[in-house]
Amino acid sequence: MVDVTGHLAMALLFAAPAWLVWGRRGALGFTGFALVTAMLPDTDLVLQQVFPITHHGVTHTVVFVLLLSILVGAAVAKWLTPRFAATRWIRSTNIASETVFVFATAGLALGGISHLFADILSAPDIAAPLTPFWPLYSETVIVDVIYYDSPIWNFGLFAVAIGLHLVLARYKSAPLETRYRISN
């Protein structure tokens, strides 16, 4: 596992394509959702105080990340959709609940999956390898190319991710026409 900075950097990198799908405000919101769940799989560090689970266990699976993202995405869609009509931040009075659900769920899932990817790149240094596709595929997935506590990897990756977002924010202002476009 990389440190928190590395996980946030990986989430930023995974969220960068949002600038191509949504406009500036949408990309910022999507990136925010990804950052919220960048540390989601590490909830096992807290949960193991109460439940008999291990680090890099069930919370470090795609199934866990997707299920939690879908549940939270549904709650966000139910709660936020009516509020978008009342705010000028989105500038859209006809945003569909389905659009908010896809937007939130995708952002949340992407943040959690970016965490799994970062751990696959660094886990065997100090922790058990991951089985991110459990229960569908129970073999470990190991790449191990990053030392988890390397300031060069963690802060370097963070700087690259921030730079990428700044470049995309500066030069990519027109979002693609998609079914789930959010006007800005």
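Predicted model: local features only at pLDDT ≥ 70, side-chain atom pairs only at ≥ 80, totals over all residues.
1. As general background, nonpolar side chains in soluble globular proteins tend to be buried together.

2. As to the overall make-up, the chain has seven helices and zero strands, so that its elements, read from the N terminus, run α-α-α-α-α-α-α. Of the 184 residues in the chain, 42% are buried. Among contacts in the chain with a separation of 6 or more, 70% are accounted for by residues 24 or more positions apart.

3. The packing of helix α3 (residues 24–36) on helix α6 (residues 97–122) can be described in some detail, with an angle of about 45 degrees and axes 6 Å apart. The crossing in which α3 passes α6 is right-handed.

4. On the α3 side, this contact is made by Gly 26, Gly 29, Phe 30, Phe 33, Ala 34 and Val 36, while α6 contributes Phe 103, Ala 104, Ala 106, Gly 107, Leu 108, Leu 110 and Gly 111. By class, the residues of the contact of α3 with α6 comprise nine nonpolar, four polar and no charged.

5. Two loop residues deserve a look when the backbone is checked. His 56, in the loop between α4 (44–47) and α5, has a phi near 70 degrees, a positive value in a residue other than glycine. His 56 counts as buried because its relative accessible area is 5%, and the cut-off for buried is under 20%. Pro 135, for its part, lies in the loop between α6 and α7 and is joined to Trp 134 by a cis peptide bond, with omega about 10 degrees. For context, most residues other than glycine have a negative phi, and most peptide bonds are trans.

6. Finally, Ala 159 is a residue of helix α7, and its relative accessibility of 48% makes it partly exposed. Although Ala 159 and Ala 9 are 150 residues apart in sequence, their C-alpha atoms are 7.8 Å apart in space.

Technical notes. Residues numbered from 1 in each chain as written. Heavy atoms only, no water. Axes fitted to C-alpha atoms, helices over the stretch in contact; angles between N-to-C directions. Helix = DSSP H or I, 4+ residues; strand = E, 2+ residues; numbered from the N terminus. Left-handed = near helix turned anticlockwise from the far one by under 90°. Contact = heavy atoms within 4.5 Å. Nonpolar A, V, L, I, M, F, W, Y, C, P; charged D, E, K, R; others polar. Buried < 20%, exposed > 50% of the residue type's maximum accessible area, 1.4 Å probe, protein only.
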